[in-house]
Amino acid sequence: MTDIAEIKLFLQEHGQEHLLQFWDKLSKDDRDELIQDIKEINIPEVVSYFNRSSEILSDDQEKLDDRLKPIPSSCYGSYSRTPSDLLANYEEIGLREIAEGRVGVLLMAGGQGTRLGSFNPKGMYDVGLPSHKSLYQIQAERIRKLCDLAEERSGNPCIITWFIMTSEHTMAPTEEFFVKNNYFGLDKNNVIFFEQGLLPCFTFDGKIILDKPHKISLAPDGNGGIYRALRDKQILNIIDSRGIKYLHSHSVDNVLVKVADPVFIGYCVKKGADCAGKVVEKAFPAEPLGVVCSVDGKYQVVEYSEITHKTAEMRNNDGRLTFSAGNICNHFFTADFLRRIAEKHEPELKLHVAKKKIKYIDSDGKRCEPEKPNGIKIEKFIFDVFPFSKSLVVWEVNREDEFSALKNGDSADKDNPTSARKDVYSLHRRFIEAAGGKFEDGPVVCEISPLVSYAGEGLEPIVSGKVFKSPLYLRAPDE
């Protein structure tokens, strides 16, 4: 469409002709920008999204209790309840796949650190550890160490390709940060950035909101936008060309994340899984974590609000919660599964709707900030592919070892920089004590560089029989 009359007719057909209401007042450059916005958005598709989302908003939320079943034990593994020899077998399988170059990492890093008091991408955030490493650096160094471990076992050079999904606002600063820091010791050819998509914001009556007289109001399409982005940005083709068969996907804001965890990968490979979720046991029935379970025979994540208190409080004979598999945005996918989702099932993904205060342009062309929610943002979530899995498994890990979310500033009572630091110190203290080291009495501040140890291995020659003062920072010789 190049003719403005043709574009106007097209918009009228979909109830969006208001997007041209300031046309006569726009400069040529502004007109070009607006037309580009309209062309880049699949108007019929996003209008259909609104129609689907309005049904979600109008429906009273159904409680799913009668349709709910826990994950069967045949596809539910647990780190703490698995014999050590079997864990070693899983790890061996995972390290072998890594050594063969068949494992990649999909990092979801589209968020900004606004709630942390930062306007930088969240991955650039310094949690305040003794090393003052950013989340990006910590995770990059875990990849480096894991490559070393796989190479030691196999004798072959090892590559883990790191695919980093940013948003429109975090792409440029993220790339600049990696260049400035020499990719944290990784080969830049093995770090691939790509942007997630955007969706227009809507008024409650289905009109796409203008952010400026010549600019449509857009918001990221959620971490479930990863599937379309993998296809549209040609990342699936890169995955295929590199011979990658398995991918570990996680969000950037978990300071304890085991990137490309070989035990998790080995478990999934041995089970023949096409998709998996790493979970933690819910701390208490009302904890606001989505739960991985079965609904009408299909696996999905059910939010706490979707079940009654009575069901949330159900317990097994051993006293553990029946619905305990707390989702932590940490997943395994085969490359074939990702392609099947992107090429076949992506349009079927569930939509999630949030009522928001969205800046808008009034009839005079003035930009306004509403005092209450005036529209909706539509998102897709990464776990909404679970129903399309043919062989899903779940792997439960210890929360204190692998999950500490960084979402809020220190004014919040949890998931903040202080809690993240404490969780790192606690884990690393346990690593040192398990390797034969001790600390003097009192509070312990302790950090182990990922370049020294990925998950507590190899510490005995460094710490056994020694007593340490706090603070302690164990770093690699070349740091």
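What volume does the second largest pocket have? The legends below take up this point first and then turn to other close-up views, each drawn from a predicted model.

**View A. The second largest pocket and its lining.** The second largest pocket has a volume of about 570 Å³, and E40, I41, G197, L198 and L199 are the closest to its centre among the 25 residues that line it. Four elements, namely α2 (28–40), α3 (43–58), β6 (198–200) and α7 (226–232), each contribute at least two residues to the lining of this pocket. Sorted by class, the lining of the second largest pocket comprises 12 charged, 8 nonpolar and 5 polar residues.

**View B. The largest cavity and its lining.** The structure holds 1 cavity of 30 Å³ or more, and the volume of the largest cavity is about 190 Å³. Of the 17 residues lining the largest cavity, those closest to its centre are R142, L427, H428, F431 and Y454. Two or more lining residues come from each of α5, α13 (417–434) and β22 (446–448), and the largest share, 4 residues, is supplied by α13. By class, the lining of the largest cavity divides into 11 nonpolar, 4 charged and 2 polar residues.

**View C. The packing of helices α4 and α5.** Helix α4, which spans residues 84–99, packs with helix α5, which spans residues 135–154, at an angle of about 95°, and their axes lie 9 Å apart. Angles of 65 to 115 degrees count as roughly perpendicular, and α4 and α5 are therefore roughly perpendicular to each other. On the side of α4, the residues in contact are E91, E92, L95, I98 and A99, and these meet L146, L149, A150, R153 and S154 in α5. By class, this contact of α4 with α5 has 6 nonpolar, 3 charged and 1 polar residues.

**View D. The hairpin of strands β13 and β14.** Strand β13, made up of residues 291–295, pairs with strand β14, made up of residues 298–302, in the antiparallel sense, and the pairing runs over 5 bridges. Within this pairing, V291 stands opposite V302 in β14. The hairpin has 2 residues between the strands, and D296 takes a positive phi near 55° in this hairpin.

Definitions and conventions. Residues are numbered from 1 along each chain as its sequence is written. This is a predicted model: local features need pLDDT of at least 70, side-chain atom pairs count only at pLDDT 80 or more; totals for chains, interfaces and linings use all residues. Side-chain values use heavy atoms; hydrogens and water are left out. Axes are lines fitted to C-alpha atoms, for helices over the stretch in contact, and angles run from 0 to 180 degrees between N-to-C directions. Angles under 35 degrees count as roughly parallel, over 145 as roughly antiparallel, 65 to 115 as roughly perpendicular and the rest as oblique. Contact means heavy atoms within 4.5 Å. Ala, Val, Leu, Ile, Met, Phe, Trp, Tyr, Cys and Pro count as nonpolar, Asp, Glu, Lys and Arg as charged, and the others, Gly among them, as polar. On a 1 Å grid over the protein atoms alone, a cavity is a set of points where a 1.4 Å probe fits but cannot get out, and a pocket is an open set with protein on both sides within 12 Å along at least five of seven lines; lining residues have an atom within 4 Å of a point. Grid points are joined across faces, edges and corners, and a volume is the space filled by probe spheres set on the points. Two strands pair if DSSP finds at least two bridges between them.
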